[in-house]
Amino acid sequence: DRSALRFAAAAAAAVEMGEYGVTPGQRVAIIWDSSSPVEALKDLVDKIQALVGADNRVSVENINQLSQSAHRESSFDVILSGLVPGSAVQHSVEVLAEIARILKPGGRVLLKEPVVTESGNNSRIKTAAKLSTALTLSGLVEVKELQKEALTLEETQSVREHLGYQGNDLLIVQIEGRKPNFEVGSSSQIKLAFAKNPGPSGKPSVDPATAKLWTLSANDMNDEEMVPGFLCEALLLLLLSPLFFPTLSSFSCASWEASQLRR
């Protein structure tokens with residue numbers, strides 16, 4: 001009997017892991033709003049806590065306070081939003097951007113939201129297509145609709161009470177998305193090789209035509225239309241390098257300025 005009970009418990013846990021995409025050791029955020037029934041929220045938190053283990057791996061956040069939270073970037077492996085039974089959570093552009101920010105690279109977001117079947121005058125409630133687009137624009141990838149079904153009586157009442165929508169054209173949609181396996185806005189150094197292989201002398205070989213084009217003579221120093229000294233320094237920083245143009249390495253803006261003073 002005990003073995004059967006343990007087996008049943010393990011099977012139930014496996015189903016819940018599959019339902020929420022949560023595994024032991026992960027950090028999970030659960031997002032709720034004023035439409036979320038308190039007892040249902042508590043049950044969900046207990047369920048997720050049992051799946052991931054102890055050590056404060058589950059954070060519970062009110063959707064209206066999410067942007068003021070102290071969570072750093074890439075804090076959570078999984079974010080569950082609007083999954084409290086009876087909720088009517090609406091995800092604004094700002095909320096989705098914050099979810100993408102605190103989600104780890106490769107992390108997963110799973111959310112539920114009431115949607116209208118067709119676009120109408122109610123701008124607060126989105127269609128399923130617009131919700132998917134909003135997730136994509138927030139920086140998430142692999143966005144896909146998992147489920148779409150009619151609202152329960154409890155969800156219908158919640159929508160009417162908290163969103164003020166009295167229509168009968170609503171569905172509840174469940175969508176998931178993932179954060180790319182890199183931080184949005186991250187950068188990486190790219191090495192570009194422009195110079196040819198060094199010649200026998202150990203210096204880079206230079207095209208004679210290029211050397212002639214970029215070699216400055218004494219006559220250039222006496223040119224009345226030479227650029228001012230500060231522009232000369234800037235041009236040297238941007239364009240000249242002993243690696244690429246060795247014939248220019250002996251040229252000095254200081255020597256040019258000195259020649260100007262002697263004039």
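Strands S3 (76-81) and S4 (103-116) run parallel and are joined by five bridges; two strands count as paired if DSSP finds at least two bridges between them. This is a predicted model, in which local features need pLDDT of at least 70 and side-chain atom pairs count only at pLDDT 80 or more, while totals for chains, interfaces and linings use all residues. Residues are numbered from 1 along each chain as its sequence is written, and side-chain values use heavy atoms, with hydrogens and water left out. Helices (H or I, at least four residues) and strands (E, at least two) are DSSP runs, numbered from the N terminus.

- Phe76 has Leu103 of S4 as its bridge partner.
- From S3 the chain passes through H3 to S4, a β-α-β crossover that is right-handed; with the strands pointing away from the viewer, the path from the first strand over the helix to the second runs clockwise.
- S4 and S6 run antiparallel and are joined by nine bridges, and Leu110 has Glu176 in S6 as its bridge partner.
- Eleven of the 14 residues of S4 are buried, where buried means under 20% relative accessible area (1.4 Å probe, protein chains only).

**Nonpolar cores**

- A nonpolar core is a set of buried Ala, Val, Leu, Ile, Met, Phe, Trp, Tyr and Cys residues joined through side-chain atoms within 4.5 Å.
- The largest core has 23 residues, of which Ile79 and Ile99 touch the most other members.
- Two or more residues of this core come from each of strand S1 (28-32), S3, H3, S4, helix H4 (128-137) and strand S6 (170-178), and H3 gives the most, with five.
- Leaving out residues up to four places away in sequence, Ile79 is in contact (heavy atoms within 4.5 Å) with residues including Ala29, Ile31, Ile99, Ile102 and Leu110.
- A second, separate core of 17 residues includes Leu41, Leu44, Val45 and Val52.

**Helix H3**

- Val95, Leu96, Glu98, Ile99, Ala100 and Ile102 are the buried residues of H3.
- These buried residues pack against S1, S3, S4 and H4.

**His91**

- His91 lies in the loop between S3 and helix H3 (93-102) and is buried, with a relative accessible area of 2%.
- Its side chain makes polar contacts (N or O atoms within 3.5 Å, one able to donate a hydrogen and the other to accept it; residues adjacent in sequence count only if both atoms are side-chain atoms) with the side chains of Ser81 (2.6 Å) and Glu113 (2.7 Å).
- Beyond four places in sequence, the contacts of His91 include Ile63, Leu96, Ile99, Leu111 and Lys126.

Notes. Buried < 20%, exposed > 50% of the residue type's maximum accessible area, 1.4 Å probe, protein only.
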